[in-house]
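Colleague: Could you walk me through a pocket and a helix pair in this model?
Modeller: Gladly; have a look at the structure first.

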Amino acid sequence: MNKKIKTLTSYILIFVTTVALLMGFLLASAHIPQSLIQKHMEESAGILCEHNRIWYMIPGVESSQNHLYADAITANIAYHFSNDKPLESVMWARYYWQDGDVNTSFWTAVQNHLGAETQYLRYWHGSAAVVRLLHLFFNIRQIYWLHAVVILGLLSALLAMLCKNHMLAEAVMLGFSMIMVSIWFVPFCLEYTWTFLCMLVSTLIGVRLVLKGKRNLLGYLFLITGIVTVYLDFLSTETLTLVIPLLLILRVTEKLEGNSAEHDKPWIFTMKGSVLWAIGYVGMWVSKWLIASAVLHENVMPYVRSHIGDRIGGVNPVGSLFGYIAGSIIRNLKCLLPFDYGMIGAAILLVTIAVFIVLPVVMDKVTVRSNIDKKIIALYFLIGGIPILRFAVLRNHSWYHRSFTFRALAGTLLALCFIITELIEWKRINGHT
């Protein structure tokens, strides 16, 4: 009992400490003088006005849609953080919106030093704090390229770590899942960059903890990951930060000759990690609303409640509930690389099928496993279904924002790859595979 109390206390302390540190970062960003970011904010406002609030980097390709709407609001909020009343400022997360378009509104506010009048209280907007800090040195285009370099570096480090530890297949499958969701577009929209960064960092740390034999720390990692996801995300591809770290940690653990309880009981570990992530995720969101209510001396739930209903149901575009849910899922699936790139995508899909499926079968290089682990397959199936469940629950959001919510399917694709590897194996020839 004492051990359980000690563990529970440690989780509570980690939660409170993480929230306090992230809150402190928001407050610190509000104390950056506006004059120091003015030049780069003016440049960013001009850059954002070069295109419509929603535009396609490649015409006709849904996955290339650049949702500047969210980026303009994030930059607008970051610009209007105030050191006059910093706590109230970061809680309200206000921005200027009078011109009818977020891009031009931001430009007008920056050019004329106008105050903010529209609140966006329901999110933490921790990303706005990062954006304000980065505007000391960069404009938004330079921030996009910085994110591209960081994402490339983190992904390369993760792939190298897997390869170094004799997990080439896992590295290839991770790379495949990233390609399928067109990761090359991700750095050029702030809205969903943060979940990819969070996912990559969390996975790197998680895999390293397993390799170093420190699985006892993984619970804290999932709790913190859930917290940071809410802090940074704009409700975009949040399940990535749970699904991919969980899958790769399970896979790496399975590959090693571990002797921990988690290695012997992957289902228990999965439930524990998922619950802790969910506690961090939900708890962080609720913390925002509780802190805001206390700081602003009013019940902020009326600002939040209607949006929750909208994201779950909203206006049904097809009439039936089943059609609504099915449509939200199918629309997201259609944004994956083979389906989203027309003839080019079809050619890539055919070549991939030929090289990795048809050719090995024709050459008699693969066979069905004789000892299929049905439990681990069921577990991978369950984890891979989390993004699909998210589409079904937040069907309104998933229907209308498929151009970026579909990227959560990277986790589903990785789970599918792991399932396939559990079903087939390379034939042994002269004692070798």
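**Pocket lining and helix packing**

Modeller: Keeping in mind that this is a predicted model, the lining of the second largest pocket divides by class into 18 nonpolar, four polar and four charged residues.

Colleague: What volume does the second largest pocket have?
Modeller: Its volume comes to about 720 Å³.

Colleague: And how many residues line it, and which lie nearest its centre?
Modeller: The lining of the second largest pocket is made up of 26 residues, and those nearest the centre are L235, E238, Y281, W285 and L394.

Colleague: Which helix gives the most to that lining?
Modeller: That is α13, with eight residues; the helices that each supply at least two residues are α13 (266–296), α14 (301–312) and α19 (386–393).

Colleague: Switching to packing, how do the axes of α11 and α13 cross?
Modeller: The axis of α11, which covers residues 240–255, comes within 11 Å of the axis of α13, and the two cross at roughly 155°. Since angles over 145 degrees count as roughly antiparallel, α11 and α13 are therefore roughly antiparallel to each other.

Colleague: Is that crossing left-handed or right-handed?
Modeller: The crossing of α11 and α13 is right-handed.

Colleague: Which residues meet there?
Modeller: From α11 there are T241, L242, L246, I249 and L250, and on the α13 side they meet P266, F269, T270, G273, S274 and W277. Sorted by class, this contact of α11 with α13 holds seven nonpolar and four polar residues, with no charged residues.

Note on methods:
Residues numbered from 1 in each chain as written. Predicted model: local features only at pLDDT ≥ 70, side-chain atom pairs only at ≥ 80, totals over all residues. Heavy atoms only, no water. 1 Å grid on protein atoms, 1.4 Å probe; cavity = no way out; pocket = protein on both sides within 12 Å on 5 of 7 lines; lining within 4 Å. Points joined across faces, edges and corners; volume = space filled by probe spheres on them. Helix = DSSP H or I, 4+ residues; strand = E, 2+ residues; numbered from the N terminus. Nonpolar A, V, L, I, M, F, W, Y, C, P; charged D, E, K, R; others polar. Axes fitted to C-alpha atoms, helices over the stretch in contact; angles between N-to-C directions. Parallel < 35°, antiparallel > 145°, perpendicular 65-115°, else oblique. Left-handed = near helix turned anticlockwise from the far one by under 90°. Contact = heavy atoms within 4.5 Å.
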